[in-house]
Amino acid sequence: MTPSQIPLDLPHRVAFDREDFLVAEANGAAVALVDQWPDWPTHAAMLVGPVGAGKSHLGAVWKSASNAASLAAAELDEARVPTLCAAKAVLLEDVDQLSEEQEKALFHLMNLAKEEGASLLMTSRESPANLSIKLPDLASRLRAVVTAELGTPDDELLRAVLEKLFQDRQLRAPEQALSYLATHMDRSIEAARQVVAAIDKAALAGKRRITVPLVAEVLKEATRSS
């Protein structure tokens, strides 16, 4: 690496609008589900996928469209349920992180949302059938919700995501660097976020343009650190 300056962690705008979400085979069903609202076949739906697959982005898109109240599942309790349902749309993220006590709160939320005609969109790393739910009635209700999965990105999607992440940081990455990244990095959107942040930091520290050699150095360092 060249002699470096100390890079500052300056804020950058992450684009979470609908037009910013990149559609491909891996996430097409999830995008269609969000776009289908409010004409869902059930009042509740779930987006399922690994960390960084785009669940939170799609959740943000739906929240904007539905004016939903939003909450992390780990913060859910029964006292909040009436207020959440009053919004007529609720985004509940990471339901795979529920405690046993919060399972009761989610069961109450699903029942009250149905009674009051409120929509509920949940996100999870695990499908309803694979969630470790101890409350049998809740497990049954979750298996009945409409579900869409976000899968591992293919080459085209991963490359497009990388390009968007650089644009969010007002950076330009040449075609060769994007292609090299898409071929050599871990195949997840979360990994793409991390590597773009690392490249941004390295480029600023070394006052270097984004090139294949810089990208290769960053990936090598990430591999050494993992």
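Me: What hand does the crossing of H1 with H2 have?
Reply: In this predicted model, H1 passes H2 in a right-handed crossing.

Me: And at what angle do the axes cross?
Reply: The axis of helix H1, residues 28-36, comes within 10 Å of the axis of helix H2, residues 55-66, and the two cross at roughly 15 degrees. Because angles under 35 degrees count as roughly parallel, H1 is roughly parallel to H2.

Me: Which residues meet there?
Reply: From H1 the contact takes in Ala30, Val31 and Val34, and these meet Leu58, Val61 and Trp62 of H2. By class, the residues of this contact divide into six nonpolar, no polar and no charged.

Me: What about H6 and H8, how do they pack?
Reply: Helix H6, residues 155-168, and helix H8, residues 189-206, have axes 10 Å apart and pack at an angle of about 40 degrees, and they are therefore oblique to each other. The crossing of H6 and H8 is right-handed.

Me: Which side chains would I look at for that pair?
Reply: On the H6 side there are Leu158, Val161, Leu162, Leu165 and Phe166, which meet Ile189, Ala192, Arg193, Val195, Val196 and Ile199 in H8. The residues of the contact of H6 with H8 divide into ten nonpolar, no polar and one charged.

Me: Now the backbone: which peptide bond is cis?
Reply: The peptide bond from Trp37 to Pro38 is cis, with omega near 10 degrees, and Pro38 is found in the loop between H1 and S1. For background, most peptide bonds are trans, and most residues other than glycine have a negative phi.

Me: What is phi of Lys88, then, and where does that residue lie?
Reply: Lys88 has phi near 70 degrees, a positive value in a residue other than glycine, and its place is in the loop between H3 and S3. With a relative accessible area of 42%, Lys88 is partly exposed.

Me: And how about phi of Asp94?
Reply: Asp94 is not a glycine either, yet has a positive phi of about 65 degrees; the residue lies in the loop between S3 and H4. Asp94 counts as partly exposed, at 30% relative accessibility.

Me: Last topic, what's the overall layout: how many helices and strands?
Reply: The chain has nine helices and five strands, and from the N terminus on its elements run α-β-α-β-α-β-α-β-α-β-α-α-α-α.

Me: How much of the chain is made up of buried residues?
Reply: Of the 226 residues in the chain, 44% are buried. As for contacts in the chain with a separation of 6 or more, residues 24 or more positions apart account for 73% of them.

Terms used: Residues numbered from 1 in each chain as written. Predicted model: local features only at pLDDT ≥ 70, side-chain atom pairs only at ≥ 80, totals over all residues. Heavy atoms only, no water. Axes fitted to C-alpha atoms, helices over the stretch in contact; angles between N-to-C directions. Helix = DSSP H or I, 4+ residues; strand = E, 2+ residues; numbered from the N terminus. Parallel < 35°, antiparallel > 145°, perpendicular 65-115°, else oblique. Left-handed = near helix turned anticlockwise from the far one by under 90°. Contact = heavy atoms within 4.5 Å. Nonpolar A, V, L, I, M, F, W, Y, C, P; charged D, E, K, R; others polar. Buried < 20%, exposed > 50% of the residue type's maximum accessible area, 1.4 Å probe, protein only.
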